[in-house]
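Here is a short briefing to read alongside the coordinates. Have the viewer open, and let's walk through a few side chains together.

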Amino acid sequence: MKLIKRNAYLRELKSLMNTPDIKVITGVRRCGKSRLMNDFSDEIKKKDKAANIIHVNFNLTDFEEQLEYHALEQYAENRYEEGKNNYLLIDEVQMCEHFEKAVNSLHSREKYDIYVTGSNAFLQSSDLATLFVGRTYEVHVFPFSFDEYTEYYPCENIYKSLTDYMTEGGMAGSYLYSNETQKYRYLNTEVLNALIVRDIVKKHRLRNEPLLHELTDFLTDNAGSIVSVRSIEQSLAKGGTKADHKTISRYIEYLCRAYAFYKVRRYDIKGKRYLRSEDKYYLSDHSFKYARLGTKNMDYGHVLENIAAIELMRRGYELYVGTLHKKEIDFVAIKQGEKLYIQVAYDISEQKTFDREASPLLDIRDAYPKMIIARTYQPEYQYEGIRVIDAAQWLKSVE
C-alpha cells in the first residue's frame with residue numbers, strides 16, 4: 001500500500017509536544033488515525049533523539065495483557081525512564097475497559113506526554129471533558145483532502161484529478177480496491193455499516209437499528225439540502241416508517257457525534273442571529289453517497305458543495321448557511337472573527353447561472369470577502385469585488 005505523510009496533522013501534533021494536555025486524535029472510522037499515530041512516533045524520534053516512546057497499539061495481540069486498565073498503567077510505569085521526555089502513545093484505547101482510569105492516573109503523575117486514538121463512539125468531542133479529568137486537546141482528522149489525493153495520485157492535470165476525486169473520495173482504504181464495486185462495498189460495509197452497528201448501536205444500545213439505517217440513507221441522499229427533523233419525520237412516514245421527532249433528533253445526533261455527518265446551522269446575515277429548526281448536513285466524505293445510494297443520478301453540484309464544506313472545516317472555519325432576503329448563501333465561514341461568504345456551483349458558464357450565484361453575494365452590504373467556487377477551468381478573476389476561483393485551484397491552494 002502506498003503511504004503518504006499527513007503533514008498538516010503532523011505539524012499540529014509536533015507543535016503540541018510537551019504540553020500538559022491529553023492529546024486526543026478523533027475522526028470518522030478508517031480516516032487514518034492509527035497511521036497518523038505511527039508517523040508521529042517517527043517524528044518524535046527525529047525531533048527528540050533521546051525520547052522514551054511508550055507505544056501501545058491495541059490492534060496488536062502483543063498488548064492483550066494490557067487490556068485491563070491496571071495492567072495498562074503498570075505497563076507504562078514499568079517503561080518510564082527518568083531524565084528523559086516520556087511519550088505515551090495509546091492506539092485504539094477504548095479496547096481497554098475503563099481506559100479513562102488508567103489515562104487519568106498516568107496524566108496526574110505529570111511525567112508523561114500522552115496521545116490517544118480510539119473509536120469515535122468512545123472518544124467523541126462531547127465526551128472528552130467527562131472521560132478525562134485533566135485538560136484535553138482534540139486533533140480532528142478528516143479523510144484525504146484533494147491536495148492529499150493529488151499527492152497519492154500525481155497528475156499534471158488538476159482538473160482531471162478533481163473529476164476523479166469527486167467519485168473516488170478521500171477514504172484512502174478504498175484506493176486499494178481495483179474496481180468501483182469493490183471500493184463502494186468496502187466503504188459501505190467496512191466503514192458506514194461498521195460505524196452504525198459497532199459504534200452507535202453498541203454504545204447507545206439502540207433498539208431500532210433499521211431506523212438508523214433509514215436516517216443515514218435520507219441524510220446521504222439530501223446532503224447539502226436544508227432539512228428539518230419534522231420534514232424528515234414526514235418523509236419517513238410516507239415510506240411507512242413511523243418515528244417521533246425526538247427519536248429522529250437523537251439518532252441524527254449520534255450519527256453526527258460519530259462523524260458520519262456534520263451539521264451546519266443557518267445564519268440570518270441581516271439580523272445577525274442563528275436560525276433554528278432547519279439545517280444542512282454534510283457527509284464526512286462524499287464517496288459515502290455513492291457507496292450508499294449508487295452512482296445513478298449524480299448530483300455534481302451537491303457533491304462539490306460537500307467537498308467545499310469539509311475543506312473549509314479542515315482549514316479551521318466555523319460554518320453556517322447564510323440567509324438574506326429569502327436568498328441563500330452556501331457558506332458563511334468564520335475564523336478568528338473574520339467572515340468569508342462563499343457560493344459553490346459546479347458550472348457557471350451560462351450567464352443566468354452565474355447571476356443566480358452572484359446575486360446573493362452582491363446583496364450583502366458589509367465589507368467581508370466574497371467568493372464563488374466553481375469548475376471554471378481558468379485563472380481566478382474578480383467580478384464586482386467577488387473572487388471567482390476554479391474549484392481545483394482553490395482546493396489546492398493554501399490559505
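In which helix is Leu362 found? Leu362 sits in helix H14, which covers residues 351-363. Keep in mind that this is a predicted model.

**Salt bridges across the chain**
- The model has 26 salt bridges, counting a side-chain nitrogen of Lys or Arg within 4 Å of a carboxyl oxygen of Asp or Glu.
- One of them pairs Glu43 with Lys14, where the closest N and O atoms are 3.2 Å apart.
- This pair links distant parts of the chain, as Glu43 lies in helix H2 (residues 33-47) and Lys14 in helix H1 (residues 7-15), 29 residues apart.
- The two partners fall into separate accessibility classes: Glu43 is buried at 9% relative accessible area, whereas Lys14 is partly exposed at 24%.
- Glu43 and Lys14 also belong to a network of salt bridges that takes in Lys5 and Lys46.
- Another salt bridge brings together the side chains of Asp147 and Lys396, at 2.9 Å from N to O.
- Here too distant parts of the chain are linked: Asp147 is in helix H6 (residues 146-152) and Lys396 is in helix H15 (residues 391-396), 249 residues apart.
- Asp147 is partly exposed, with a relative accessible area of 33%, and Lys396 is partly exposed as well, at 31%.

**A salt bridge within one helix**
- Glu233 forms a salt bridge with Arg230, and their closest N and O atoms are 3.6 Å apart.
- Both residues belong to helix H10 (residues 229-238); they are 3 residues apart, so about one helical turn separates them.
- Glu233 is partly exposed at 21% relative accessibility, and Arg230 is partly exposed with a relative accessible area of 48%.

**Lys183 in helix H8**
- Lys183 has its place in helix H8, which runs over residues 180-204.
- Is Lys183 buried or exposed? Its relative accessible area is 11%, so Lys183 is buried, the cut-off being under 20%.
- The side chain of Lys183 reaches the backbone oxygen of Ser174 at 3.3 Å.
- Leaving aside residues up to four places away in sequence, Lys183 touches Glu168, Ser174, Tyr175 and Tyr177.

**Cysteines**
- How many disulfides does the structure hold? The count is 0.
- A disulfide is a covalent bond between the sulfur atoms of two cysteines.

Key: Residues are numbered from 1 along each chain as its sequence is written. This is a predicted model: local features need pLDDT of at least 70, side-chain atom pairs count only at pLDDT 80 or more; totals for chains, interfaces and linings use all residues. Side-chain values use heavy atoms; hydrogens and water are left out. Helices (H or I, at least four residues) and strands (E, at least two) are DSSP runs, numbered from the N terminus. Buried means under 20% relative accessible area, exposed over 50%, partly exposed in between (1.4 Å probe, protein chains only). A polar contact is a pair of N or O atoms within 3.5 Å; within protein, one must be able to donate a hydrogen and the other to accept it, and residues adjacent in sequence count only if both atoms are side-chain atoms. Contact means heavy atoms within 4.5 Å. A disulfide is a pair of cysteine sulfur atoms within 2.5 Å.
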